[in-house]
Amino acid sequence: MAAGAVDVFVYTLATFLGNVAVAVTGCGMAIVYLFVWQVARLCGWEADFKHAVFIRAIGLFAAQPLLLRQANIRKHGSRNLLKLFVPVTVLPTPLGQWLGIYVDEKTVQTAGGIVICLFAAFEVLRSRRLLLEAPRGPPPARGPAS
C-alpha cells in the first residue's frame with residue numbers, strides 16, 4: 001500500500017509534535033505521537049497500528065543521538081543506573097517484536113491503554129499531596145489600601 005499525502009502529513013505531524021514534547025519535557029515522545037495518531041483515526045483516517053509503531057521507531061532511532069548528547073551522560077549518568085536500565089530496556093525488545101507479530105492489534109492497543117491508565121493513576125496518587133495543598137477558589141480579597 002503506497003502512502004498518500006494524508007498519511008505523510010499525519011505521520012509527519014505526529015513525529016514533529018512528539019519530538020517537540022521530548023525537547024520541552026524530556027519525555028512523552030511516544031505518548032504525544034500516539035495521541036496525534038489516535039485523533040487522526042477518530043477523524044476517519046485509516047491506518048495500520050503496526051505502521052505507526054514502525055515509523056515511531058525510526059523517529060526514535062533518529063532522535064537518540066541528539067537525546068543522548070543533550071542528556072550529557074558523562075556528567076549526569078550513573079554506572080549503577082545504566083547497569084539496571086540497559087538490560088531492562090534491551091531484554092524486552094524481542095518480546096515486544098514477538099507480540100507485535102503474533103498478538104492481535106486490538107489486544108495490544110487495549111493492553112497499552114490499560115498500562116497507561118495504571119501509570120496515570122499511580123502518578124495522580126503519588127502527587128495527591130500537591131493536589132490537596134492546591135489553593136481552592138479565588139484568592140481572598142484585599143481590603144482598601146490605607
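Predicted model: local features only at pLDDT ≥ 70, side-chain atom pairs only at ≥ 80, totals over all residues.

Trainee: Leaving aside neighbours within four places in sequence, which residues is L17 in contact with?
Mentor: L17 sits in helix α1. Skip its neighbours within four places in sequence, and the residues in contact with L17 are V32 and V36.

Trainee: Is L17 buried, partly exposed or exposed?
Mentor: Buried means under 20% relative accessible area and exposed means over 50%, with partly exposed in between. L17 has a relative accessible area of 32%, so L17 is partly exposed.

Trainee: And T15, what class does that one get, buried or exposed?
Mentor: T15 is also placed in helix α1. Not counting residues up to four places away in sequence, T15 touches Y33, I55 and R56. Its relative accessible area is 16%, and because the cut-off for buried is under 20%, T15 is buried.

Trainee: How are α1 and α3 oriented, roughly parallel or roughly antiparallel?
Mentor: Helix α1 covers residues 5–25 and helix α3 covers residues 49–71; their axes come within 11 Å and cross at roughly 30 degrees. Angles under 35 degrees count as roughly parallel. So α1 and α3 are roughly parallel.

Trainee: Which residues of α3 meet α1?
Mentor: On the α1 side you've got Y11, T15, N19, V22 and A23. Their partners in α3 are H51, A52, I55, R56, A63, L67 and Q70.

Trainee: How many residues in the contact of α1 with α3 are charged?
Mentor: Sort the residues of that contact by class and you get seven nonpolar and four polar. What's left in the contact of α1 with α3 is charged, and the number there is one.

Trainee: Y11 turned up there. What kind of aromatic pair do Y11 and W45 form?
Mentor: The structure holds four aromatic pairs. For Y11 and W45, the rings are 5.3 Å centre to centre, with 75 degrees between the planes. Planes over 60 degrees apart count as edge-to-face, so the Y11 and W45 pair is edge-to-face.

Trainee: How many residues apart in sequence are the parts that this pair ties together?
Mentor: Y11 lies in helix α1, whereas W45 is in the loop between α2 (29–42) and α3. Y11 is buried, and so is W45. The parts that the pair ties together are apart in sequence by 34 residues.

Trainee: What about W37 and F49, how far apart are the centres of their rings?
Mentor: W37 is in helix α2 and F49 in helix α3, 12 residues apart. W37 is buried at a relative accessible area of 3%, and F49 counts as buried at 15%. The planes are at 65 degrees, the pair is edge-to-face, and the centres are apart by 5.5 Å.

Trainee: Last one: which residues of α6 make the contact with α5?
Mentor: Helix α5 (residues 79–90) and helix α6 (residues 92–102) pack at about 20 degrees, with their axes 4 Å apart. That makes α5 roughly parallel to α6. From α5 come P87, V88, T89 and V90, and from α6 come P92, T93 and P94.

Methods. Residues numbered from 1 in each chain as written. Heavy atoms only, no water. Axes fitted to C-alpha atoms, helices over the stretch in contact; angles between N-to-C directions. Helix = DSSP H or I, 4+ residues; strand = E, 2+ residues; numbered from the N terminus. Parallel < 35°, antiparallel > 145°, perpendicular 65-115°, else oblique. Contact = heavy atoms within 4.5 Å. Nonpolar A, V, L, I, M, F, W, Y, C, P; charged D, E, K, R; others polar. Buried < 20%, exposed > 50% of the residue type's maximum accessible area, 1.4 Å probe, protein only. Phe/Tyr/Trp six-rings, centres within 6.5 Å; stacked < 30°, edge-to-face > 60°.
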